[in-house]
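Visitor: I am new to this structure, and I would like to understand how its descriptions are reached. Could you show it to me and take my questions one at a time?

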Amino acid sequence: MTSIAARLADRSFRLLMKRDPATPDELVTRLRRIALAARLPGGLPSGVTAHKTTIANEPAVPPGVPAVCVSPDRPTATVLYLHGGAFVSGRFATYEGLCGQLAKRLNARVFWVDYRLAPEAPYPAALDDAYHAYSALADDYPSDPLAVIDDYPSDPLAVTEIGRASCRE
């Protein structure tokens, strides 16, 4: 039997997508409304804190990339977390529990990157933000292992940025 929450989520999605969007802007608005309602279960685990920050590395445009740093007391590694959302949506509250678990289990500072979204910031804005965030973290934590996690299936963002960053050397 399907849970009540699953049935409500299914009904909400069907209502939001009942008819085809008239314009691309209407599609983006609908997708963002659906994403705002989404939230992965759980909050931050004990021993882990989160704070807003800016991952800065010139010549990022705009200077620095907004992010949320989720970290245990003494991290030994760094993770750049690139959220899904088809480049049009994404918010930290959806990923708070997941980033908290990653931080705790990996004993790592996890940077959830709030990259610029389309259509307000057209391609390649999100790629540029990910690249600048990766470069800055590599410079800021040179002795720590640095991992990139991208949760969107078939999303080229992480692979593209790792390749671009490694080619700069």
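Visitor: Why does Y141 count as partly exposed?
Guide: In this predicted model, Y141 has a relative accessibility of 26%, and because buried means under 20% and exposed over 50%, the value for Y141 falls in between and the residue counts as partly exposed.

Visitor: And what makes F111 buried?
Guide: The relative accessible area of F111 is 6%, which is under the 20% cut-off, so F111 is called buried.

Visitor: Why is the aromatic pair of F111 and Y141 called tilted?
Guide: The ring centres lie 6.2 Å apart, within the 6.5 Å that a pair requires, and the planes make an angle of 40°; because stacked needs under 30 degrees and edge-to-face over 60, this pair is tilted. The structure holds one aromatic pair.

Visitor: Which parts does that pair tie together?
Guide: F111 belongs to strand β4 (residues 108-113), while Y141 sits in the loop between α4 (125-140) and β5 (146-150), so the pair links parts that are 30 residues apart in sequence.

Visitor: What makes β1 and β5 the edge strands?
Guide: The open sheet of five strands runs in the order β1-β2-β4-β3-β5, with mixed pairing, and β1 (49-55) and β5 each pair on one side only. On average, neighbouring strands of this sheet are turned by 25° against each other, direction ignored.

Visitor: How do you know that β1 and β2 pair?
Guide: Pairing needs at least two bridges, and β1 and strand β2 (residues 65-71) have seven, in the antiparallel sense; A50, for its part, stands opposite V70 in β2.

Methods. Residues numbered from 1 in each chain as written. Predicted model: local features only at pLDDT ≥ 70, side-chain atom pairs only at ≥ 80, totals over all residues. Heavy atoms only, no water. Phe/Tyr/Trp six-rings, centres within 6.5 Å; stacked < 30°, edge-to-face > 60°. Helix = DSSP H or I, 4+ residues; strand = E, 2+ residues; numbered from the N terminus. Buried < 20%, exposed > 50% of the residue type's maximum accessible area, 1.4 Å probe, protein only. Axes fitted to C-alpha atoms, helices over the stretch in contact; angles between N-to-C directions.
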